[in-house]
Amino acid sequence: MSEDERGRRWTLALGVEENEEAVSLLSDSDRRMSDALSALYGNGEGDKKGRGGLGGSAPRVAKWLGDIREFFPAPVVQVIQKDAFDRKGLRQMLLEPEFLATVEADVNLVADLVALRGVMPETTKETARAVIAKVVAALMARLEARTADAIRGALDRSRRTNRPRFADIDWPRTIRANLSQYQPEYRTVVPERLIGFVRQQRRVVDLDEVILCVDQSGSMASSVVYASIFAAVLASLPVVATKLVCFDTAIVDLTEELADPVEVLFGVQLGGGTDINRAVAYCEDRIERPAKAHLVLITDLYEGGDAEALVDRLARLVLAGVNVVVLLALTDTGRPSYDPNLAARVAALGIPVFACTPDQFPELMATALRREDVHGWAADRDIKLVRSDA
């Protein structure tokens with residue numbers, strides 16, 4: 001590395017001061033990068049004029065965000081944005097459309113927007129809705145097909161047919177059965193016959209029930225976003241009957257809104273206390289066939305209500321045949337914060353208690369719907385399960 005390049009890197013790392021020699025090492029883009037970082041990470045009073053902060057107006061912050069997005073990849077931008085919200089008190093800037101339109105959108109931003117929805121002016125709500133819709137579309141593209149493939153319970157895999165629908169073709173068996181039809185010039189197999197599954201006709205009364213019961217207290221914000229997406233995907237599948245119930249000390253049943261996941265998120269009320277027992281009681285009343293029901297309770301188990309009644313209620317549901325799973329978080333990263341004592345008591349009922357990533361969730365639901373061992377599924381994937389205190 002040349003001395004000039006070494007000096008350039010140290011200058012960018014330490015910040016540009018009124019030093020002509022240091023400044024001369026930086027290009028125009030380098031100086032813009034340095035100014036953008038110094039605006040957030042500078043030492044305040046020691047920074048030179050124009051470089052000591054992000055300022056108080058949306059246009060100034062929007063320009064800063066534009067510079068940040070130009071110089072850094074999206075994951076780094078998201079980290080810098082979070083630091084800006086925490087260090088510079090910029091959360092109120094989300095109430096201004098021109099600022100919001102420039103923000104790098106992700107799940108955490110959606111959670112912020114949902115939490116601030118009640119104090120947003122109407123003009124900003126439209127921009128917020130557009131930002132949320134963009135993130136939702138990206139998440140749906142990432143998760144929808146995988147979830148549908150994993151959950152599709154309309155296929156009776158014990159019966160096979162040589163005239164399957166395209167979506168029902170068993171490609172591994174079809175390829176093995178047609179290896180003699182390999183065409184060297186095309187380097188592929190041209191199948192002479194197809195092998196697939198018989199699509200099972202299922203009545204509504206035969207469908208498994210899936211209830212996602214989601215804690216919408218502030219600490220669970222990202223989990224709420226992902227749970228809402230999955231609920232919308234599950235509701236779009238005609239092979240399960242899906243309900244979405246969100247709660248803090250109040251209960252919001254969003255089942256009727258599941259056709260529009262953006263509308264679902266706008267119906268969430270992030271923040272407030274937590275009454276898990278009350279929410280589970282609400283779900284219990286709406287379970288029609290316990291032996292066909294799957295209750296996925298997504299909560300950190302910090303119970304503000306009656307913990308004793310909650311444990312008793314969960315025990316009664318398990319005894320009745322409801323398949324109960326407790327997810328301490330449904331997020332991409334991070335070890336969840338949760339109540340270890342209540343978690344251990346719930347685990348002692350034989351209920352799996354652990355945290356799950358969105359990418360693992362489709363396979364988890366498929367395992368649950370097949371009534372297979374969720375504990376074993378989690379252990380096989382090195383997912384840490386809460387141990388019972390028994």
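A: Helix 8 (122–151) and helix 10 (221–235) pass each other in a right-handed crossing. A crossing is right-handed if the near helix is turned clockwise from the far one by less than a right angle, and left-handed if anticlockwise. Helices (H or I, at least four residues) and strands (E, at least two) are DSSP runs, numbered from the N terminus. The model is predicted: local features need pLDDT of at least 70, side-chain atom pairs count only at pLDDT 80 or more, and totals for chains, interfaces and linings use all residues. Residues are numbered from 1 along each chain as its sequence is written, and side-chain values use heavy atoms, with hydrogens and water left out.

Q: At what angle do helix 8 and helix 10 pack, and how far apart are their axes?

A: Two packed helices are described by the angle between their axes and by the distance between those axes. Here the angle between helix 8 and helix 10 is about 50°, and their axes lie 9 Å apart. Axes are lines fitted to C-alpha atoms, for helices over the stretch in contact, and angles run from 0 to 180 degrees between N-to-C directions. Helix 8 and helix 10 are therefore oblique to each other; angles under 35 degrees count as roughly parallel, over 145 as roughly antiparallel, 65 to 115 as roughly perpendicular and the rest as oblique.

Q: How do helix 8 and helix 15 pack?

A: Helix 8 and helix 15 pack at about 15°, with 8 Å between their axes, and they are therefore roughly parallel. Their crossing is right-handed.

Q: How many residues of helix 15 are buried?

A: Eight of the nine residues of helix 15 (residues 361–369) are buried, so this helix is largely enclosed by the rest of the structure. Buried means under 20% relative accessible area, exposed over 50%, and partly exposed in between (1.4 Å probe, protein chains only). The buried residues are F361, P362, L364, M365, A366, T367, A368 and L369. Just after helix 15, R371 takes a positive phi of about 60°.

Q: Is L301 buried or exposed?

A: L301 counts as buried, at 0% relative accessibility. L301 also has a positive phi of about 65° although it is not a glycine, and it is found in the loop between strand 8 (293–298) and helix 13 (307–320). That loop also holds D300, which counts as buried at 4% relative accessibility. The C-alpha atoms of D300 and I276 are separated by 9.8 Å, although these residues are 24 apart along the chain.

Q: Where does D382 lie?

A: D382 lies in the segment after helix 16 (374–380). It has a positive phi of about 55° without being a glycine. With a relative accessible area of 73%, D382 is exposed.

Q: How do helix 12 and helix 13 cross?

A: The axes of helix 12 (residues 276–286) and helix 13 come within 9 Å and cross at roughly 25°. That makes helix 12 roughly parallel to helix 13. The crossing of helix 12 and helix 13 is left-handed.

Q: What volume has the largest pocket?

A: Rolling a probe the size of a water molecule over the atoms shows where empty space is left. The largest pocket has a volume of about 910 Å³. A pocket is an open set of points, on a 1 Å grid over the protein atoms alone, where a 1.4 Å probe fits, with protein on both sides within 12 Å along at least five of seven lines; lining residues have an atom within 4 Å of a point. Grid points are joined across faces, edges and corners, and a volume is the space filled by probe spheres set on the points. Of the 37 residues that line the largest pocket, D106, V107, N108, S222 and T331 are the closest to its centre. Among the elements that give two or more residues to the lining are helix 7 (107–116) and strand 9 (323–330). Helix 5 gives the largest share, seven residues.
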